[in-house]
Amino acid sequence: MLLSIDHVQKSYPGGRPVLNGVSLTLAQGQTLALTGESGSGKSTLLHLVAALDGFDSGEITLDGQPLSPLDDAGRAALRRNTLSLVFQQFNLIPSLTVAQNLSIHARLACQDDPGWTSHLAERLGLADLLERYPENLSGGQQQRVAIGRAMATRPRLLLADEPTGNLDETASAVVLELMLSLVADTGAALLLVTHSPEIASQLDARAHLSGGRIA
Ligand SMILES: Nc1ncnc2c1ncn2[C@@H]1O[C@H](COP(=O)(O)OP(=O)(O)O)[C@@H](O)[C@H]1O
Ligand SMILES: [Mg+2]
């Protein structure tokens, strides 16, 4: 398994457990939709898998590496080398052009491959927009840049938190199709949070988070 989540518990200070024994596995190249009511802990679980936050008990193992023993440097290395994130809010860097945004994470990880980045720009329909700044792009275009930036490091796992949540129906469909085809071509696994049963139905598997567990 690329990702194993085993009986993970997580509470925030002073609160009841948000995750109360979550178990889930994801194979290399598999795509999984994570659904659940607002506040059910979907983003929390994604943050834990991305080693952005710690958990109280249980274990998460990514690419053979248990996360709980890792120190900050180990967690940062995992984020650089193994996974990438896409968010609802795009999170592009406003002072950088599309071309610079596309390559920034790969550059920081010393994995910049200009040929691969320009292939991604072509695939994502961004080749004519490379000198623009994010403020001059539509939401769908911004999210396509964010997907290119995420895939530029050739992650084994792509984590996407409601990636089409801010897009209209047409842009959503385009973004989802591009994300699924890039993930399929590169053999990456995808863990995608969505509210939409229609989006969930296009992925290999589906897990529903409710009451702190996978229902
Ligand atoms: N940093 C935080 N500090 C305290 N509580 C939080 C924090 N992040 C999320 N929560 C709480 O944890 C619960 C789950 O939140 P979240 O994971 O964002 O759910 P979802 O993404 O499914 O909407 C909510 O009750 C939320 O208020
Ligand atoms: Mg959320």
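**Helix 5**

I started with helix 5 (residues 139-151): its 13 residues reach 18 Å from first C-alpha to last, close to the 18 Å expected at 1.5 Å a residue. Expected span here is 1.5 Å times one less than the number of residues. Helices (H or I, at least four residues) and strands (E, at least two) are DSSP runs, numbered from the N terminus.

Ground rules for myself: this is a predicted model, where local features need pLDDT of at least 70 and side-chain atom pairs count only at pLDDT 80 or more, while totals for chains, interfaces and linings use all residues. Residues are numbered from 1 along each chain as its sequence is written, chains are lettered from A and ligands numbered from 1 in the order in which they are written, and side-chain values use heavy atoms, with hydrogens and water left out.

Next I checked burial, where buried means under 20% relative accessible area, exposed over 50% and partly exposed in between (1.4 Å probe, protein chains only).

**Strand 7**

Is strand 7 (residues 157-161) enclosed or open? I get 5 of its 5 residues buried, so the rest of the structure largely encloses it. In a regular strand the side chains alternate between the two faces of the sheet. I looked at each face: L157, L159 and D161 are buried on one side, L158 and A160 on the other.

Then the neighbours, with strands counted as paired if DSSP finds at least two bridges between them. Strand 6 (residues 83-87) runs parallel to strand 7, joined by 5 bridges, and S84 has L158 as its bridge partner. Strand 8 (residues 189-193) is also parallel to strand 7, again over 5 bridges; there A160 stands opposite L192.

**Antiparallel pairs**

Strand 1 (residues 3-11) pairs antiparallel with strand 4 (residues 57-62) over 5 bridges, and I found Q9 opposite S57. Strand 4 also pairs antiparallel with strand 5 (residues 65-66), over 2 bridges, with T61 opposite P66. That hairpin has 2 residues between its strands, and D63 takes a positive phi near 55°.
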